[in-house]
Amino acid sequence: MAHKTLGSSASHVSCLDLWREKNDQLVRQAKVAENSSLPLRRQQLARDALEGLRGLLCSLRGLPATVSVLPLELTVICNFITLRANLAQGFTEDLAQDIQQGLERVLEMQGQPEARPEHGLRGLWDSTLRVSSLLPELLPALHHLAGLQAALWLTTNRLGDLALLLQTLTVSQIRASEDVLLLLKTWRPPAEESDAPLTLQDARGLRDVLLTAFAYRQGLQELITGSLPKALSSLHEAASGLCPRSLLVQVYTALGTCLRKMGSPQRALLYLVAALKEGSTWGPPLLEASRLYQQLGNTAAEIESLELLVEALSITRIPEVHQLLIEVELLLPQPDPASPLHCGTQSQAKYLLASRCLQTGRAGDAAEHYLDLLALLLDGSELKFSPPPCPPGPCMPELFLEAAAALIQASRAQDALTVCEELLSRTSFLLPKRPRLWEDARRRTKESPHCSPWVSATHLLQGQAWVQLGAQKEAISEYSRCLELLFRATPKDEEQGPASSCEQGCTSDMALQQLRTAALISRGLEWVALGQDTKALQDFLLSVQMCPGNQDASYHLLQTLRRLDRRDEATALWRRLEAQTELLLENTAWSLPLYLETCLGWIRPPDRETLREEFQTSGDL
């Protein structure tokens, strides 16, 4: 009997030696795959190694859970999870099952096979680490497995469970701390023995990856929420850690953003220059550079940064070959459009360049960029006119409107009319033929209920283009059509549900009010040009009534009253203007669309200050 037991034990040891050699062979195979320059061969070798580890793990689980078996078994679990997460480029919840089975095997060795703690995996870890403290042979592999558990909880934002796990792993004097960054810095995984089974990545290397990933995630979140000093500290921690070059670009850019917001533009610029030197991911630092130069008032440098951004985003990047390890990038969340590091697509960058050119008086450049953008977006695609899910781009109708405004500003009226006609061909069929059908039509159509303001704005821009071409009657006709549609539109439509940010911007009370005012003043100015001051007076009076705080409307009305020699009314209007403080349009809730801001600039009285001086000097007419 003793001879049989001895033989069984010898066979057991022999199997363990063979399986340990198999583990080491599979790890070496994965390393060969990692260094292969042939993508298909690399992928096949890695997948073969993964399947080999899966089979080896099944074999080990067939043995009784003992101190001699579990170090190898836990190591194989760690290698399997590492390789599987790398090939999938992310952690999945089913990996938790592999971790759980490893922990249950440790408890089985201690005679607790039925242990099912109330708190799931977190409770299982508490139980396992408590019993394993008496078994130093298991600690290196358990700490390695704990690192993978920490990676899984970090990627799924279970930071409370992560903190409790790290408290259990770290020394007693900081067990009460909930600072994950401090806990990671304090955690000291035991060193592996020189004759231990091979691993794809050891626990200490994994700890360094976790530290860098958490510091960056925390710093970025603190930057978004406005906790700038904390963000600066966390990002510095990330930059000083195990930070690959591609991530260092992001970290330096975030540091530049943080310092810009803290009022240190020169230090911010140094970090942005460093980010550009670190790699080929130039989008985020170039976008941040444009923001920095805009803040400094350096328009030329801002525009140049945006031009370089568009060029950078047009380059097709060759995907980087990742190591078959748990890398920092694997533990980071998907890019968030709300993040200051999100530079968007080439078309969004092109839009940002076009709109800034329009805002800064570079009308010719703006017109060309808008036309390029329209060609880029419309080439070979069927676009529906609905706002995109994220900034910085506008909805498609507004893009057409801004393009038309830029062309008019650049004295390219005929091209502006072409753009407007294209927009009308895509939207005007949604309008009902008769006003009383408007409500029913809006309820029936699946398209945006806000197309009326867009179509109205198109007619406003067409009117301005005809003015530039010297066709005053056509201009008046377009302004009248614009007003006809605008007086049908309602700023709010409860039945349609919440509007998108783009729709809110173009249909807010303020935007509709300013659009109506712009159309009335524009038509009034054409009546003035035709010598019909009485008709102009009606439009200017109506514009003042609709928007009492609009001083442009008031000054146009004042000038018309003077020409008509209605001295008393002009004097009364002047006194009201003098009594008013300079009213600012309250755009805190909604900013006006860019095309509308441009239109309002065209109807501003060029001689308003001269007129003010005349009244202040004479005191009367």
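**Close-up 1. The largest pocket of this predicted model has a volume of about 1,700 Å³.** In this model, which is predicted, the largest pocket is lined by 46 residues, and those that lie nearest its centre are Gln-250, Leu-332, Pro-333, Gln-334 and Pro-335. By type, the residues of this lining divide into 23 nonpolar, 16 polar and seven charged.

**Close-up 2. Several helices supply residues to the lining of the largest pocket.** At least two residues of the lining come from each of H6, helix H9 (203-225), helix H11 (245-261), helix H13 (283-296) and helix H14 (299-314). Helix H9 gives the largest share of this lining, namely seven residues.

**Close-up 3. Helices H6 and H9, which both supply residues to the pocket lining, also pack with their axes 9 Å apart.** The angle between H6 and H9 is about 20°, and because angles under 35 degrees count as roughly parallel, H6 is described as roughly parallel to H9. The crossing of these two helices is left-handed. On the H6 side the contact involves His-143, His-144, Gly-147, Leu-148, Ala-150, Ala-151, Leu-154 and Thr-155, which meet Ala-203, Leu-206, Leu-210, Ala-213, Phe-214 and Arg-217 of H9. Taken by type, the residues of the contact of H6 with H9 divide into nine nonpolar, four polar and one charged.

**Close-up 4. Helix H5 (residues 120-132) and helix H6 (residues 139-155) have axes that come within 12 Å of each other.** The axes of H5 and H6 cross at roughly 165°, and since angles over 145 degrees count as roughly antiparallel, the two helices are therefore roughly antiparallel to each other. In passing H6, helix H5 makes a left-handed crossing. From H5 the contact draws on Leu-121, Arg-122, Trp-125, Thr-128 and Ser-132, while from H6 it draws on Leu-139, Leu-142, Leu-145, Ala-146, Gln-149 and Trp-153. Seven nonpolar, three polar and one charged residue make up this contact of H5 with H6.

**Close-up 5. Helix H5 also packs with helix H7 (residues 159-169), and the axes of the two come within 10 Å.** Here the axes cross at roughly 5°, which makes H5 roughly parallel to H7. The residues in contact are Arg-122, Trp-125, Asp-126 and Leu-129 of H5, together with Asp-161, Leu-164, Leu-165, Thr-168 and Leu-169 of H7. The contact of H5 with H7 consists of five nonpolar residues, one polar residue and three charged residues. Arg-122 and Trp-125 of H5 take part in this contact with H7, and Arg-122 and Trp-125 are also among the H5 residues in the contact with H6.

Notes:
Residues numbered from 1 in each chain as written. Predicted model: local features only at pLDDT ≥ 70, side-chain atom pairs only at ≥ 80, totals over all residues. Heavy atoms only, no water. Axes fitted to C-alpha atoms, helices over the stretch in contact; angles between N-to-C directions. Helix = DSSP H or I, 4+ residues; strand = E, 2+ residues; numbered from the N terminus. Parallel < 35°, antiparallel > 145°, perpendicular 65-115°, else oblique. Left-handed = near helix turned anticlockwise from the far one by under 90°. Contact = heavy atoms within 4.5 Å. Nonpolar A, V, L, I, M, F, W, Y, C, P; charged D, E, K, R; others polar. 1 Å grid on protein atoms, 1.4 Å probe; cavity = no way out; pocket = protein on both sides within 12 Å on 5 of 7 lines; lining within 4 Å. Points joined across faces, edges and corners; volume = space filled by probe spheres on them.
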